[in-house]
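User: Could you walk me through how to read this fold, one feature at a time? I would like the general idea and then the case at hand.

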Amino acid sequence: MSAPLPWQQGQWQKLLARIEQKNLPHALLLTGHRGIGKQRFAQQLAELLLCNEKLPEPCGECKGCRLIAAGTHPDLRIVTPPEDKHVIGVDQIRELSHYLSLTALYSGYQVVLITPADLMNINAANSLLKTLEEPPANTLLLLLSERPAALPATIRSRCQVINFEKPAQESALSWLKAQQPDLDRQIAKTLLALAEGAPLRALEMANKDVITQRSEMLEDLEKVAAGRCDPVEITKKWLKLGKKESLYWVYGWLVDMVRMKVAVQPPYIANADVAPRLSKIAANIELSQLYKRLDQVSEALRLADNQSLNAELLLEGVLIGWTPRR
Ligand SMILES: [Zn+2]
């Protein structure tokens with residue numbers, strides 16, 4: 001098993017103590033930013049509970065550990081929205097209740113991850129409430145959410161909350177350095193800022209080389225703003241790179257542009273390393289126009305999960321708005 005993340009040690013030790021005292025709650029709600037390590041923490045806890053040797057850490061060799069490693073342990077369930085949907089439906093929770101009514105096959109424990117728990121629709125949440133009110137013995141329900149306020153209060157109140165705060169920048173940077181020793185420190189800082197301080201998300205971005213992608217897209221925007229590129233062509237190109245990713249970039253740039261325009265003191269800028277370029281692109285645009293574009297991009301992000309064309313049209317509209325008037 002990999003060690004708990006450095007910024008999760010405190011929570012981990014507390015849970016270990018509760019397992020030793022046989023005093024583990026039936027339901028935990030793990031909260032914190034996207035990319036902070038909620039899933040990893042939940043997975044590690046599942047590994048520990050489903051190991052047949054009761055050690056302070058899983059042995060890695062018993063049948064339970066081998067099944068976990070193969071992703072086929074029958075006493076571990078992961079409930080997540082189906083690929084073609086964006087909610088966890090009531091059928092999934094009913095099926096889960098049925099599953100929990102059966103006895104554990106191997107370790108004596110049954111562990112369930114519901115993620116993201118805030119994507120349960122209201123019927124699913126109501127159905128889960130019954131299980132939370134009368135939890136079967138030796139069951140651990142792990143609800144994961146970066147937006148716990150979106151969960152019904154009745155659900156929240158029946159879970160013990162474990163919240164993960166973002167680690168301090170230095171601690172996050174040294175963890176990133178340990179994962180990717182070749183990663184340049186300045187780039188690591190930029191990635192961490194873009195990931196809003198969440199180290200696992202920053203690492204994912206580093207692995208995908210998003211800095212290069214951002215640089216190319218920013219160049220495209222500069223060309224559009226200078227009237228040297230067709231905004232419709234650029235929209236097509238960006239959509240191929242990924243609709244949501246493109247929209248996230250534009251959103252982040254617009255936020256930084258607004259911050260730079262309204263700031264009296266030097267503001268916090270997520271894309272600090274390209275701030276002069278952003279400032280130049282925003283130079284001839286009124287603040288009210290930037291806010292309008294920010295609204296359009298937020299709306300496009302909201303629609304991006306649907307198959308509708310609206311998100312694409314909105315992105316195209318934002319880019320067309322950037323072309324210089326003749
Ligand atoms: Zn084991």
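**Reading the fold**

Analyst: Two strands pair if DSSP finds at least two bridges between them, and the element names follow DSSP runs numbered from the N terminus (helices are H or I of at least four residues, strands E of at least two). Keep in mind that this is a predicted model: local features need pLDDT of at least 70, side-chain atom pairs count only at pLDDT 80 or more, and totals for chains, interfaces and linings use all residues. Residues are numbered from 1 along each chain as its sequence is written.

User: How many bridges join β2 to β3?

Analyst: Four bridges link β2 with β3 (residues 110-114), and the two strands run parallel. As one example, R77 has V112 as its bridge partner in β3.

User: What should I look for in the backbone of the loops?

Analyst: Most residues other than glycine have a negative phi, and most peptide bonds are trans. Here, T115 and P116 are joined by a cis peptide bond with omega of about -15°; P116 sits in the loop between β3 and α5 (122-133). K22, which is not a glycine, has a positive phi of about 50°, and K22 belongs to the loop between α1 (9-20) and β1 (27-31).

User: How is the protein chain divided into domains?

Analyst: Domain bounds come from an automatic or database domain assignment. That assignment gives domain 1 (6-163), domain 2 (169-207) and domain 3 (210-322). Between domain 2 and domain 3, the C-alpha centres are 23 Å apart. Six residues from domain 2 and six residues from domain 3 take part in the contact, where two residues are in contact if their C-beta atoms, placed from the backbone, lie within 7 Å.

User: Which helix gives the most to the side of domain 2 that touches domain 3?

Analyst: That is helix α8 (residues 185-194), with five residues. By class, this side of domain 2 has four nonpolar, two polar and no charged residues. In this scheme Ala, Val, Leu, Ile, Met, Phe, Trp, Tyr, Cys and Pro count as nonpolar, Asp, Glu, Lys and Arg as charged, and the others, Gly among them, as polar.

User: At what angle do α8 and α9 pack?

Analyst: First, the general idea: axes are lines fitted to C-alpha atoms, for helices over the stretch in contact, and angles run from 0 to 180 degrees between N-to-C directions. Angles under 35 degrees count as roughly parallel, over 145 as roughly antiparallel, 65 to 115 as roughly perpendicular and the rest as oblique. Helix α8 meets helix α9 (residues 199-207) at about 120°, their axes being 8 Å apart, so α8 and α9 are oblique to each other. L191, L192 and L194 of α8 make the contact with A202, M205 and A206 of α9, giving six nonpolar, no polar and no charged residues.

User: At what angle do α12 and α13 cross?

Analyst: Helix α12 (residues 243-262) and helix α13 (residues 275-282) cross at roughly 80°, and their axes come within 10 Å. Therefore α12 is roughly perpendicular to α13. The contact includes W253 and M257 of α12 and L278 of α13; by class there are six nonpolar, one polar and two charged residues.

User: And how do α14 and α15 pack?

Analyst: Helix α14 (residues 287-303) and helix α15 (residues 310-322) pack at about 160°, with axes 8 Å apart, which makes α14 roughly antiparallel to α15. Among the residues that meet are V297 and A300 in α14 and L314 and V318 in α15. This contact holds seven nonpolar, four polar and two charged residues.
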